[in-house]
Amino acid sequence: MNSVKLLSQSELKELREFLKKNCGIDILDYRENFLSRRFLVRANSLGFDDLSSYLNFIKKDEKEREFAKKRLFIPTTEFFRNRDVFEKIKEILSNDKTLKKKRFVTLSSPCSSGEEPLSLAMMLSSLFDDFIVIAMDRNLSILKEIKNKKLSQKLISPLYKNEIKSYLKEVGNAFSFKEEVLNKILFSCCDLLQTIPAKGIDLVLIRNFFIYLKEEAQMKCVSNLKKCLKKGSLMVLGKVERIKLNKDEWDVVDINSRIYRFKGSKE
Ligand SMILES: C[S@@+](CC[C@H](N)C(=O)[O-])C[C@H]1O[C@@H](n2cnc3c(N)ncnc32)[C@H](O)[C@@H]1O
């Protein structure tokens with residue numbers, strides 16, 4: 001990552017108070033580097049030299065407040081992001097014959113605009129008859145949009161032709177997912193740093209989230225997650241993420257794809 005000018009402590013304080021009051025977002029758990037990158041880059045792209053001028057602007061501009069809320073905290077995602085990771089997960093699951101006998105429960109969180117849980121549902125369709133994907137994010141407005149979303153050609157460009165044929169239908173000049181895929185997904189609004197309302201998870205994808213968090217918040221999230229996971233379940237982090245994990249609780253399954261196996265809680 002390129003080095004980025006950091007926000008000063010007073011700017012951080014100003015930003016925190018502003019976002020809490022106006023956008024309902026508490027940035028206390030986010031790394032300062034991430035916040036500086038997001039907000040200073042946005043401020044500069046709009047022609048502001050410093051954060052205070054940008055905050056003065058955003059106070060008056062409702063559209064920019066919506067943009068900050070939706071876009072600055074919802075970085076982009078895509079279908080089969082790092083496809084090699086999905087292929088690795090598929091290989092691991094295919095080799096475990098015990099899994100076919102029961103309902104396979106998965107969690108994709110945070111799921112952002114839905115591309116990750118939908119990719120997971122497509123992949124699992126070729127492996128299991130009985131499975132469910134719980135898709136969680138704290139942003140309720142994006143969760144509400146996912147099921148009725150019309151997908152452009154550009155959005156579905158990471159999908160292979162056979163995936164489009166099997167799982168999507170054409171709606172005018174766009175696409176949407178077939179009911180049999182959407183029915184496998186259960187959407188849930190939740191803050192991962194509070195309680196996570198799920199149990200008996202066999203596989204969790206928690207990708208490109210820890211990277212934004214301070215270490216204490218990362219630890220809190222892992223601790224919450226452990227309460228939802230089955231012994232022997234898999235956890236997948238983002239490709240560039242590394243967090244502190246207790247070796248007595250976690251085995252590395254594939255370090256390149258950041259896949260870990262949960263051995264049970266020692267807490
Ligand atoms: C980069 S996206 C991750 C999308 C997907 N996992 C991927 O890798 O493509 C980050 C998401 O984290 C969500 N988020 C941020 N803080 C959260 C929290 N405390 N609890 C739940 N979701 C959160 C945001 O709303 C956003 O949708």
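## Helices α1 and α3

In this predicted model, helix α1 spans residues 9–23 and helix α3 spans residues 51–60. Their axes cross at roughly 15 degrees and come within 10 Å. Since angles under 35 degrees count as roughly parallel, α1 and α3 are therefore roughly parallel to each other. The crossing in which α1 passes α3 is left-handed.

The contact between these two helices can be described residue by residue. From α1, Glu11, Glu14, Leu15 and Phe18 take part, and they meet Leu51, Ser52 and Leu55 of α3. By class, the residues of this contact comprise 4 nonpolar, 1 polar and 2 charged.

## Domain arrangement

The domain assignment divides the chain into domain 1, covering 9–72, and domain 2, covering 83–262. Taken over C-alpha atoms, the centres of domain 1 and domain 2 are separated by 29 Å.

Contact between the domains involves 4 residues of domain 1 and 5 residues of domain 2. On the side of domain 1 that touches domain 2, 2 residues are nonpolar and 2 are charged, while none is polar.

## Surroundings of the ligand

The ligand is surrounded by 18 residues. The closest of them are Thr77, Pro110, Ser112, Arg138 and Asn208.

Considered by class, the shell around the ligand contains 7 nonpolar residues, 5 polar residues and 6 charged residues.

Technical notes:
Residues numbered from 1 in each chain as written. Predicted model: local features only at pLDDT ≥ 70, side-chain atom pairs only at ≥ 80, totals over all residues. Axes fitted to C-alpha atoms, helices over the stretch in contact; angles between N-to-C directions. Helix = DSSP H or I, 4+ residues; strand = E, 2+ residues; numbered from the N terminus. Parallel < 35°, antiparallel > 145°, perpendicular 65-115°, else oblique. Left-handed = near helix turned anticlockwise from the far one by under 90°. Contact = placed C-beta atoms within 7 Å. Nonpolar A, V, L, I, M, F, W, Y, C, P; charged D, E, K, R; others polar. Near = placed C-beta within 6 Å. Domains from an automatic or database assignment.
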